[in-house]
Amino acid sequence: MNVDTPRPIYLTREIREIERLAQAQPGSMPLMEQAGLAAAEYARELLGEYGRTVLVLAGPGNNGGDAFEVAAQLKHWFYRVELVFAGDEHQLSEDALAALRKWRACGGNTYAAPPAALRPDLVVDGLFGIGLTRALEGGYADIIAGINRLPGPKLALDIASGINADTGTIMGTALRATHTISFIALKPGLLTLDGPDHCGEVRVADLGLDVRALLENKGATAAAELLRLALAPRPHNFHKGKAGSVGVLGGAQGMVGAALLAGRAALKLGAGKVFLGLLSDHPPQVDYAQPEVMLRTPHELLEPGMVTVFAAGPGMGTVKSAEQLLREVLDANVPLVLDADALNLIAASKTLQARLQKRSAPCVLTPHPAEAARLLVCATAEVQADRVKAAVELAQRYRAVAALKGNGSIVASPDGTWLINSSGNPGMASAGMGDVLTGMIAALLAQGAGARAAAAAAVWLHGAAADTLAAQGQGPLGITASDVIDAARRIANAVQRPA
């Protein structure tokens, strides 16, 4: 199995600093010219044969300058190029104005709006890039609406116009690109919230820069390499005690299935032993589908040495007895995964919050946006408005690794570093998926991975398993949490390093 590695992600302000540092290097080629050439080459790849028609959209900023460069290069390669300039040339930067003059020097004309009868083979979107800070409306919104109605491929320069590069939010309206070429490095908005639905297939053109040497990155992509590193090789001389013991606390009346899913996921991702402490008044005595999972009372799991990792929350409920149990779990000096009702109980109790913040053993929080909002005492919309910021704030406030679930899940650490996961698909919007993720993280912790490594690897694997199912025709419609467990086990075995 090919094992991809994490790629750096930078916020807009960091990209600007990289640009400044790069341009300060002696003999450097203008970045706009390099970006234009890289994008033109990608456009040529998408177009195929020469002589086809391209509509290029140029906006009022440097993204428009990139578009002028693309247009001039494609015209030089004998494509039929029509260019819409939605800006004021007197307000252009020096580099963008030079690019516009290059376009005109090769005989190019500009339009204020797309010609009504034009049916281009490719649209190149250079209206607005990573510098957009206001909602698009009026004429800009009209152009985008018209382009979105056109069939065929659309290539965005840096990011689809209307998508906030740092957050993935839609700024009023947004162009729906089929492809995006991201200059220098990835940006968060390409990978989370609404970005993936509007940016399509993303390619990075680093413009010949060693970005990590210029500026250390706090953000990166989650990748298969993280799973490979989280799963330690197993020697032949191995026993189940070396793979740890996971205790799942949850499964109140009517929600036993949540705890069962978490326990089965932990077992099939390699935990040596898995115990369920079910809160139901009438718990089952055995998991007939997975009898290797051992059922105990919650208080039996709390006996010293019984488990090496706790996972609390799946189907736990929020009654007083659950709160008392959670208080004891938070005091246990073993790694801990907190999900679902455990997070809701903590959000509602200053006492539990204080216990969590004082923990010295590793801890992972796995909230969805509404649970994150409760923990941060804000609206869900505020969490979604800046998912990276919210995840980092959670991690730092509660001194734990936070895995903020959603489209482009964010895994943040208390030191301010973060990862964005791009595996997964809409088929994962079904019951029990979060319980499975909790069990997977717990299994990796039990086998010796650190909190950040376990969370990042499991989040990636969780999505990759669903992607595998979809590729095999078992999704995205109808993917179940149980399906994901078995698919994840196959991927983990393919990725794990030999002893």
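Which backbone nitrogen does the side chain of Asn 164 reach? The side chain of Asn 164 reaches the backbone nitrogen of Thr 167, at 3.1 Å. The legends below describe this and other close-up views.

The structure is a predicted model, in which local features need pLDDT of at least 70 and side-chain atom pairs count only at pLDDT 80 or more, while totals for chains, interfaces and linings use all residues. Residues are numbered from 1 along each chain as its sequence is written, and side-chain values use heavy atoms, with hydrogens and water left out.

**View 1. Asn 164 in the loop between β6 and β7.** Asn 164 lies between β6 (154–157) and β7 (179–183); helices (H or I, at least four residues) and strands (E, at least two) are DSSP runs, numbered from the N terminus. Asn 164 counts as buried because its relative accessibility is 17%, where buried means under 20% relative accessible area, exposed over 50% and partly exposed in between (1.4 Å probe, protein chains only). Not counting residues up to four places away in sequence, Asn 164 touches Leu 132, Ile 159, Thr 169, Met 171 and Gly 189, contact being heavy atoms within 4.5 Å.

**View 2. Asn 421 in the loop between β18 and α17.** The loop that holds Asn 421 runs between β18 (418–420) and α17 (433–446). With 4% relative accessibility, Asn 421 counts as buried. Its side chain is joined to that of Ser 423 by a polar contact of 3.0 Å (a pair of N or O atoms within 3.5 Å; within protein, one must be able to donate a hydrogen and the other to accept it, and residues adjacent in sequence count only if both atoms are side-chain atoms). Leaving aside residues up to four places away in sequence, Asn 421 touches residues including Val 459 and Trp 460.

View 3. Helix α18 spans residues 451–471. From first C-alpha to last, this helix of 21 residues reaches 30 Å, close to the 30 Å expected at 1.5 Å a residue; the expected span is 1.5 Å times one less than the number of residues. Of the 21 residues in α18, 15 are buried, and the helix is thus mostly covered. Just after α18, Gly 473 takes a positive phi of about 85°.
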